[in-house]
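Please keep the sequence and the model at hand while reading.

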Amino acid sequence: MIRGAAGWAIITLVMSDQPSSYPVDARGFVQQCAWCSLVADERGRYVLPAPGLLQGWSVTHGCCDSCRRRLEAAMERRRQARCTLASC
Ligand SMILES: [Zn+2]
């Protein structure tokens, strides 16, 4: 594994019979959004497509900015609905 200037490197994961290469962070983990399955590039931007949720010791799951905004909006709508029902 060769590390770039920002500490990122590339590893190859084998999912079924199709190997795929993804960047890994300075800790050696592929970062993937658990909601949309996009994988982070060398700059930490979730832009790389994946065939689904990656599994294994070298993958960590988080939440991309797009999914975070969507989840926060959904939580706010729920909060507003509860406040209306509870007359708060
Ligand atoms: Zn996402």
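## Overall architecture

The protein chain contains one helix and six strands. Read from the N terminus, these elements follow the order β-β-β-β-β-β-α. The model is a predicted one.

The chain has 88 residues, of which 12% count as buried. Among contacts between residues at least 6 apart in sequence, 38% join residues at least 24 apart.

## The nonpolar core

Eight residues form the largest nonpolar core: Tyr22, Val24, Val30, Cys33, Val39, Ala40, Tyr46 and Cys64. Two or more residues of this core come from each of strand S2 (18-24), S3 and S4.

Tyr46 is one of the core residues. Setting aside residues up to four places away in sequence, Tyr46 touches Cys33, Leu38, Val39, Ala40 and Cys64.

S3 pairs with strand S6 (residues 59-62) in the parallel sense, over four bridges. Within S6, His61 is the bridge partner of Gln32.

## Ser37 and its backbone

Most residues other than glycine have a negative phi. Ser37 is not a glycine, yet has a positive phi of about 75°. This serine lies in the loop that runs between strand S3 (30-33) and strand S4 (39-40).

Is Ser37 exposed, partly exposed or buried? Ser37 is partly exposed, because 18 other C-beta atoms lie within 10 Å, whereas a buried residue would need 20 or more.

## Residues brought together from separate parts of the chain

Trp8 is located in the segment before strand S1 (9-15). With 17 other C-beta atoms within 10 Å, Trp8 is partly exposed. Trp8 and Val30 are 22 residues apart in sequence, and their C-alpha atoms are 9.5 Å apart in space.

Ser20 lies in strand S2. Ser20 is partly exposed, as 16 other C-beta atoms are found within 10 Å.

## Val47 in strand S5

Val47 is found in strand S5 (residues 46-48). Why does Val47 count as exposed? Val47 has 11 other C-beta atoms within 10 Å, and a residue is exposed if that number is 12 or fewer.

Leaving aside neighbours within four places in sequence, Val47 is in contact with Leu38 and Asp41. Leu38 is also among the residues that Tyr46 touches. The C-alpha atoms of Val47 and Gln32 are separated by 9.7 Å, and the two residues are 15 apart along the chain.

Terms used: Residues are numbered from 1 along each chain as its sequence is written. This is a predicted model: local features need pLDDT of at least 70, side-chain atom pairs count only at pLDDT 80 or more; totals for chains, interfaces and linings use all residues. A nonpolar core is a set of buried Ala, Val, Leu, Ile, Met, Phe, Trp, Tyr and Cys residues joined through C-beta atoms within 7 Å. Two residues are in contact if their C-beta atoms, placed from the backbone, lie within 7 Å. Two strands pair if DSSP finds at least two bridges between them.
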